[in-house]
Amino acid sequence: EKQLVFAGRLFTIVSIILGGVLGLILTSAGQAFTLLLMIGSGTGLIYILRWFWWRINAYTEIVAMVSSLVIALYFNFIN
């Protein structure tokens, strides 16, 4: 249990730091909302497909979350 508590604390600190960095990078609330919509649109179909198709599992959802985050960051900041 000590390892789980340590991992939870570590990821809490990492998420706070990443949130602070993202808050400093974003220029407006509209940009933050657009980023949130881009991330959600990439994962929404996978969440719906999980109800109907038995081959969608947790690994598929993790890959969808990570890839939609990377693509949304690319389109929001680089392109």
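Two residues are taken to be in contact when heavy atoms lie within 4.5 Å. Among contacts in the protein chain between residues at least 6 apart in sequence, 48% join residues at least 24 apart. The model is predicted, so that local features need pLDDT of at least 70 and side-chain atom pairs count only at pLDDT 80 or more, while totals for chains, interfaces and linings use all residues. Residues are numbered from 1 along each chain as its sequence is written, and side-chain values use heavy atoms, with hydrogens and water left out.

The protein chain contains three helices and zero strands (DSSP runs of H or I with at least four residues, and of E with at least two, numbered from the N terminus). Its C-alpha trace spans about 40 × 40 × 20 Å along the principal axes. Buried residues (under 20% relative accessible area, with exposed meaning over 50% and partly exposed in between; 1.4 Å probe, protein chains only) make up 14% of the 79 residues.

Helix 3 comprises residues 58-78. From first C-alpha to last, this helix of 21 residues reaches 29 Å, close to the 30 Å expected at 1.5 Å a residue (1.5 Å times one less than the number of residues). Glu61, Ala64, Ser68, Ala72 and Asn76 are the buried residues of helix 3. They lie on the same side of the helix because they cover an arc of only 75 degrees around the axis, taken from the directions from the helix axis to the C-beta atoms. Helix 2 (29-52) is included in what covers these buried residues. On the other side of helix 3, Tyr59, Val63, Val70 and Ile78 are exposed.
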